[in-house]
Amino acid sequence: MSIGGIIPVSFVDYPEQIATTIFISGCNFRCGYCHNPDLVFGKTKTTTEAEVFEYLFKARGRWIDAVCISGGEPTQYLGLKQFIHKIKKMGLLVKLDTNGTHPEILYDLDIDYLAMDFKTSLGRYCELTGVKNIEEKISSSLDYILNQNNFDYEIRTTLVPSLVGPKEISEMSQMLKGVKKWILQPFRNIKTIDPNFKKIIPFDKATCEKILKTAQEKIPHTSLRN
Ligand code: SF4
């Protein structure tokens with residue numbers, strides 16, 4: 001695993017747990033609004049697995065109870081299963097953040113919580129992520145996550161004017177019937193991979209609330225995170 005950084009203590013990355021967040025370098029997507037280009041392009045200072053485990057060994061059960069493995073995209077690494085196994089053996093809970101492009105990896109992971117980014121309607125995935133022919137993988141990941149009982153989960157969507165708005169949310173909600181938790185969040189134009197996204201004005205609060213209501217008509221367990 002190529003580790004691009006850690007947050008030793010986080011109160012926001014794992015629901016109701018104090019966690020260490022580990023950022024895995026590299027991503028197969030190029031979402032224009034991505035706020036972490038250095039991590040995506042593998043330009044952050046790396047931390048070794050040994051250093052991470054040395055820290056987790058000291059912190060577990062004392063000031064953290066969980067680990068959030070984020071990215072980048074962690075499922076790109078074949079060593080992910082073993083990495084998670086080592087963390088679980090330390091008695092820590094594990095949450096995985098993923099873009100859902102590797103369902104075949106998800107089936108096999110011993111995790112406690114998963115957060116998947118469902119980015120837009122399938123027809124617009126390539127436009128948003130820069131990756132072709134990924135729709136089937138996204139569908140399979142959603143299908144698996146929504147129908148399993150092994151771990152708790154949330155599905156997250158970033159609202160972006162002209163790319164992820166009311167029309168897309170309505171289409172996406174068709175694929176999320178029965179979902180336990182869908183979180184919408186407005187995109188921010190502070191730091192973005194594609195400089196053109198800095199010019200996009202995010203939806204205002206009232207518009208986000210309106211989109212939320214549209215989503216809730218089909219998916220009651222939808223909320224807005226600011
Ligand atoms: S937003 Fe997530 S999936 Fe998209 S490029 Fe950034 S890290 Fe990858």
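Cys, Val and Phe count as nonpolar, Glu and Arg as charged, and Gly as polar. On this scheme, the shell around the ligand in the predicted model divides into five nonpolar, four polar and two charged residues. The residues that surround the ligand are Cys27, Phe29, Arg30, Cys31, Cys34, Asn36, Val40, Gly71, Gly72, Glu73 and Asn99.

Two of these ligand-shell residues, Gly71 and Gly72, are joined by a cis peptide bond. Omega at this bond is about 10°. Gly72 is placed in the loop between β3 (66-70) and α3 (80-89). A further backbone feature occurs at Glu16. Phi of Glu16 is near 60°, a positive value in a residue other than glycine. Glu16 lies in the loop between β1 and β2 (19-24). Most residues other than glycine have a negative phi, and most peptide bonds are trans.

The strands are considered next. An open sheet is formed by eight strands. Their order is β1-β2-β3-β4-β5-β6-β7-β8, and the pairing is mixed. Strands β1 (3-10) and β8 (222-224) are the edge strands, and each pairs on one side only. From one strand to the next, the twist averages 20°. Within the sheet, β5 (residues 113-117) pairs with β6 (residues 152-159). The sense of this pairing is parallel, and five bridges make it up. Tyr113 stands opposite Asp152 in β6.

The helix pair α7 and α8 was also examined. Helix α7 spans residues 166-174, and helix α8 spans residues 205-218. Their axes come within 9 Å and cross at roughly 20°. Angles under 35 degrees count as roughly parallel, so α7 is roughly parallel to α8. The crossing of α7 past α8 is right-handed. On the α7 side, the contact involves Pro166, Ile169, Ser170 and Ser173. These residues meet Ile211, Thr214, Ala215 and Lys218 in α8. By class, the contact of α7 with α8 has four nonpolar, three polar and one charged residues. Pro, Ile and Ala count as nonpolar, and Lys as charged.

Technical notes:
Residues numbered from 1 in each chain as written. Predicted model: local features only at pLDDT ≥ 70, side-chain atom pairs only at ≥ 80, totals over all residues. Near = placed C-beta within 6 Å. Pairing = 2+ DSSP bridges. Helix = DSSP H or I, 4+ residues; strand = E, 2+ residues; numbered from the N terminus. Axes fitted to C-alpha atoms, helices over the stretch in contact; angles between N-to-C directions. Parallel < 35°, antiparallel > 145°, perpendicular 65-115°, else oblique. Left-handed = near helix turned anticlockwise from the far one by under 90°. Contact = placed C-beta atoms within 7 Å.
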